[in-house]
Amino acid sequence: MIEFKNVSKNFGNFNAVSNLSFKLNKGEILSLIGQNGAGKSTTFHMLLDFIKPTKGQIIWNKNLKRTIGYMPEERGLYPKESIKNQILYFAALHGMHKSKAYVELKKWMNKLNVVGEPNDHIESLSKGNAQKVQLIACLMFSPELLILDEPFSGLDPVNADLLIKAILEAKNNGTMIIFSTHNMENVEKLSDYIIMLSHGKTVLKGDIHSIYKQFGRTRLSIEGYKNIKLLEDFPGIKNIDFYKDDCANMELENENVGKTLFNKISEDGYVPVFDQHYPSLDSIFKLKAK
Amino acid sequence: MNKINYKQVFIIAMYEFKNSCKSFSYFTSLLFPIVIFCSFDKYINNDFKNKTINITKYASQIFAISIPIIIFAISILYISALANLIARDKSSKMSEMFLSFVGAKEQLLGKIMGIYFLIVIQFIVFTLFVIVYTFYTNTPVVIDFINNINLSNLAYSIINIFVSFLLLFTWTAEFASYITDSSQTIVATIPTMLFAAMACIQGVFFSVNSNWFEAFSIYGIIFFLAASFPPVGTFVVPSLILNNVMPIWEAYIILLIQLIISSILFNSAAKRYKYGLLNHKKSNIILKAMNDEFKKKG
Ligand SMILES: Nc1ncnc2c1ncn2[C@@H]1O[C@H](COP(=O)(O)OP(=O)(O)O)[C@@H](O)[C@H]1O
Ligand SMILES: [Mg+2]
């Protein structure tokens with residue numbers, strides 16, 4: 001288990017992270033969400049002991065060896081080196097045996113669908129493949145903690161799915177995982193917990209379910225309702241967007257507005273789509289980032 | 001303070017050593033002194049062989065003068081090699097990931113050791129060359145030369161060269177860690193090169209006239225203090241023992257103090273090196289490395 005206790009980091013007078021607290025247990029995934037400059041990478045740097053917190057404590061469970069697989073935002077490997085030599089060099093530094101490391105390398109190249117042979121040079125790989133090789137370097141020694149800084153940037157959807165699979169497999173093996181992103185698409189599929197940072201401050205925190213609950217089913221989509229324009233002045237509806245002739249997306253002041261609205265609309269006959277849902281993480285993010 | 005993981009240091013050293021051995025520029029630098037040696041061949045054959053010049057009388061002096069020159073020559077060849085290793089890490093953007101499983105001290109020491117291995121190979125190759133040359137051309141002048149240098153002084157001089165480079169290399173690495181693209185590599189070598197050049201010139205002047213030295217005079221004590229600061233002593237002390245004016249035990253004390261101060265400086269340099277590795281902003285690397293902002297921010 002790792003615990004952050006009221007951790008703050010100042011650079012001179014500038015407050016990059018303030019009062020961050022969380023706990024992470026074995027096999028849990030935490031995602032740090034925030035715009036550029038929110039303090040995500042700084043949080044990782046403190047966790048990696050690259051820099052010391054100005055205030056607060058970072059506590060590691062005593063029986064952990066503190067092995068960390070880290071994929072930074074700045075990605076790269078030795079371009080002139082072959083995949084095999086590069087990975088075996090890292091493995092040796094981790095104290096891993098050569099032959100075991102080579103087996104792991106082949107296994108992971110297969111799993112992540114890296115196009116190329118172990119003897120290929122890094123510079124001959126595409127950006128996505130090079131990134132996958134770097135991910136192998138983080139995963140192959142089964143670290144206790146995996147830190148991925150913006151892991152999805154630069155990956156196409158197919159490769160993003162492969163990455164998600166790999167992360168979930170690590171989770172099932174008991175690895176603690178923290179990743180950062182400013183793109184919400186994959187957060188929902190992966191995270192047990194979310195922390196949203198804005199200018200270093202925690203603006204939202206918790207498991208996805210409770211975050212959704214906090215906002216309620218306040219988003220509504222209606223399709224195929226011919227009197228849709230009448231909803232413009234309906235009490236409790238905000239920010240309504242009309243499209244086509246009979247469709248609209250809107251925000252509700254609270255969940256209960258949906259009920260009264262449903263009753264009213266159904267008086268006018270059949271409506272094929274009435275979809276009342278939680279706001280997307282994306283819109284929560286935009287709301288909170290303001 | 002964390003203990004240094006020497007296993008990692010050794011793995012890095014071997015990796016960098018093997019990689020450099022494969023490079024073309026290393027072979028150039030390996031053969032470079034041999035070419036120079038060959039150009040003196042004519043003089044050695046004519047004058048020394050016919051004993052028109054008595055080498056035995058001057059062996060110690062010649063050797064004394066050559067120590068600072070050897071240190072400077074090695075600087076030219078290997079300081080940029082070291083800066084290149086670090087520039088490669090920085091410009092390929094892998095140093096941040098690397099830092100997550102290999103500490104800054106291990107990285108720094110590993111790279112310096114790797115370069116030391118290259119220097120050792122250079123010494124071995126050159127020694128082998130001289131031996132082969134001596135037997136092949138039947139020139140006893142080299143043997144005469146070595147016979148006239150006290151072996152313990154020779155041993156001291158060689159250890160001295162390696163102590164000298166601990167700090168020269170550390171400085172270079174510190175500047176090089178601020179490189180953001182490989183075009184800045186040469187800039188990172190400038191401060192150390194300038195220092196080595198100045199110290200070399202002083203060392204040569206010093207060895208021409210070292211008879212003023214008296215261990216227990218006021219000048220002797222001032223000298224002792226100044227030479228204890230690395231790598232100043234490494235450029236000037238060998239000439240004093242080779243000219244038999246400084247007792248060898250005092251020379252070893254100076255060397256030991258320099259080694260201790262070097263390792264203390266190494267520790268603080270490792271912190272700046274780490275800060276440099278994490279720094280991705282393009283800037284004047286010399287100014288950036290010299291200003292202590294890492295203390296406020298790190
Ligand atoms: N070493 C540093 N010195 C000064 N400011 C820094 C340093 N590292 C980060 N910052 C500042 O801290 C803030 C947070 O940065 P960062 O953690 O990299 O954000 P994110 O990863 O969320 O995009 C930024 O405004 C950045 O400029
Ligand atoms: Mg970042």
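First, the ground rules: the model is predicted, so local features need pLDDT of at least 70 and side-chain atom pairs pLDDT 80 or more, while totals for chains, interfaces and linings use all residues. Residues count from 1 along each chain as written, chains are lettered from A and ligands numbered from 1 in written order, and side-chain values use heavy atoms, leaving out hydrogens and water.

**Select ligand 1.** You'll find ligand 1 between chains A and B. Now show its shell, meaning residues with a heavy atom within 4 Å of it: there are twelve, and Gly37(A), Gly39(A), Lys40(A), Ser41(A) and Thr42(A) are the closest. By type, the shell has four nonpolar residues, six polar and two charged; Gly counts as polar here.

**Zoom in on the polar contacts** (N or O pairs within 3.5 Å). Each of these involves an oxygen atom of ligand 1:

- Gly37(A): a backbone N or O atom, 2.7 Å away
- Lys40(A): a polar backbone atom, 2.8 Å away
- Thr42(A): a polar side-chain atom, 2.6 Å away

On its own, ligand 1 has 560 Å² of accessible area, and the protein covers 69% of that (Shrake-Rupley, 1.4 Å probe).

**Switch to cartoon.** In chain A, strand 2 (14–24) and helix 1 (40–47) each give two or more residues to the shell, and helix 1 gives the most, with three.

**Last, select Cys247(A) and Cys200(B).** Cys247(A) is buried at 5% relative accessible area, and Cys200(B) is buried too, at 8%; buried means under 20% (1.4 Å probe, protein chains only).

Technical notes:
A polar contact is a pair of N or O atoms within 3.5 Å; within protein, one must be able to donate a hydrogen and the other to accept it, and residues adjacent in sequence count only if both atoms are side-chain atoms. Helices (H or I, at least four residues) and strands (E, at least two) are DSSP runs, numbered from the N terminus. Buried means under 20% relative accessible area, exposed over 50%, partly exposed in between (1.4 Å probe, protein chains only).
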